Amino acid sequence: MSAGAAARRLGVAVTTLRTWHQRYGLGPSRHEAGHHRRYSAEDMDRLQVMQRLTTQGVAPAEAAAWARNAPLGGPAPAPRDGGSPPAAASVVRGLVRAATRLDAPAMRDILCTAITERGVVPAWTDTMVPALVEIGDRYRVTQRFIEVEHLLSRTVTEVLATAQRAPGNPRILLAAADEEQHTLPLEALTAALGEAGVPSRFFGARMPSVALLDAIGRTGPAAVVLWSQRPATGTVDQLIRVRDVPHLPLVVAAAGPGWPSGDLPPGITRLTGLPEAVQLLAAI
């Protein structure tokens, strides 16, 4: 297709395509005598990779290098060692910039792409958490940008809620401790379990112990995960009450930094990270 048609397909200016051609070698490869060069399907594949990565905050030169080496017709390549992709830090920077602009659509695009291309667990550990930490650090230093943190958290919640949900009767119960309001890690766990084909029930923030015990009695879950973000909410008596219900779940797990750092009561499993939690709960 022509440069104008390619630009319309990508939603960029023709001058942007010319720049990508002149600076980074991502130009049209097809040429017929007496006619302007045309963009082939392979050229468009590379341009789409370039556009996606630059939208996510990757530096143009780095995005172009990745686009030139990307498998045609497929996503940008993953690293050989199975770790974060080379552009992970740039994606986080792009997410933080979008958050700082209060640009929710751009944040959603970045986060949805991360989940689609890499899965919930890598998207959480390599993109969402680093961005949330960076915004939180900025707030602690400047006492500003709380609105940025709130909008980013809300957008993460929305994107995780759209992740795949597993059909079937949920045997995993997830809830925040009594008076605990921070639930993003539990939302990530819910999404990751759904992606793994494990249905779960997520009860959200500030789950009173009485209501939690009622829910356990009515549903008979195989595992209960209780999340505490802050020491003020991580009282172990909540865990003991769950452990001592008449029909004991196979696993009663404490997740989050709010629980005491020493030994937990017998029969309580401490979860230390999202990958471990998914692996354990998927095996039940």
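Visitor: Among contacts in the chain between residues at least 6 apart in sequence, what percentage join residues at least 24 apart?

Guide: That comes to 67%. Bear in mind that we're looking at a predicted model.

Visitor: What makes up the secondary structure of the chain?

Guide: Twelve helices and five strands. The chain has 284 residues, and 44% of them count as buried. Its accessible surface is about 14400 Å², with 53% belonging to carbon and sulfur atoms.

Visitor: How do you know which strands belong to the sheet, and in what order?

Guide: Follow the pairing, which takes at least two bridges between two strands. With S2 included, the order reads S2-S1-S3-S4-S5, in an open sheet with parallel pairing.

Visitor: What makes S2 and S5 the edges?

Guide: Each has a single partner strand, so one side of each is left without a neighbour in the sheet. From one strand to the next, the twist averages 20 degrees.

Visitor: Which helices pack on that sheet?

Guide: Helix H9, residues 184–195, touches S1, S2 and S3, and its direction makes about 165 degrees with that of S1. Helix H12, residues 274–282, touches S1, S3, S4 and S5, at about 135 degrees to the direction of S5.

Visitor: Which residues are bridge partners along S3?

Guide: Take alanine 223: its partner in S4 is valine 251, and it is also the partner in S3 of isoleucine 172. Further along, leucine 226 has alanine 254 as its bridge partner in S4. Alanine 254 in turn stands opposite arginine 270 in S5, while alanine 255 has leucine 271 as its bridge partner there.

Visitor: What makes a right-handed β-α-β unit here?

Guide: S3, helix H11 (residues 237–243) and S4 make it. The call is right-handed because, with the strands pointing away from the viewer, the path from the first strand over the helix to the second runs clockwise.

Visitor: Now for H2: which of its residues are buried?

Guide: Leu17, Trp20 and Tyr24, in a helix that covers residues 14–24. Seen down the axis of H2, these buried residues fall within an arc of 80 degrees, so they line one face of the helix. In general, an α-helix has 3.6 residues a turn, so residues three or four places apart point the same way.

Visitor: What is exposed on the other side of H2?

Guide: Arg18, Gln22 and Arg23. To be called exposed, a residue has to be over 50% relative accessible area, so these three pass that cut-off.

Visitor: And what follows H2?

Guide: Glycine 25, whose phi is positive, near 75 degrees.

Notes:
Residues numbered from 1 in each chain as written. Predicted model: local features only at pLDDT ≥ 70, side-chain atom pairs only at ≥ 80, totals over all residues. Heavy atoms only, no water. Buried < 20%, exposed > 50% of the residue type's maximum accessible area, 1.4 Å probe, protein only. Helix = DSSP H or I, 4+ residues; strand = E, 2+ residues; numbered from the N terminus. Arc of directions from axis to C-beta. Axes fitted to C-alpha atoms, helices over the stretch in contact; angles between N-to-C directions. Contact = heavy atoms within 4.5 Å. Areas by Shrake-Rupley, 256 points an atom, 1.4 Å probe, with all protein chains shown as cover.
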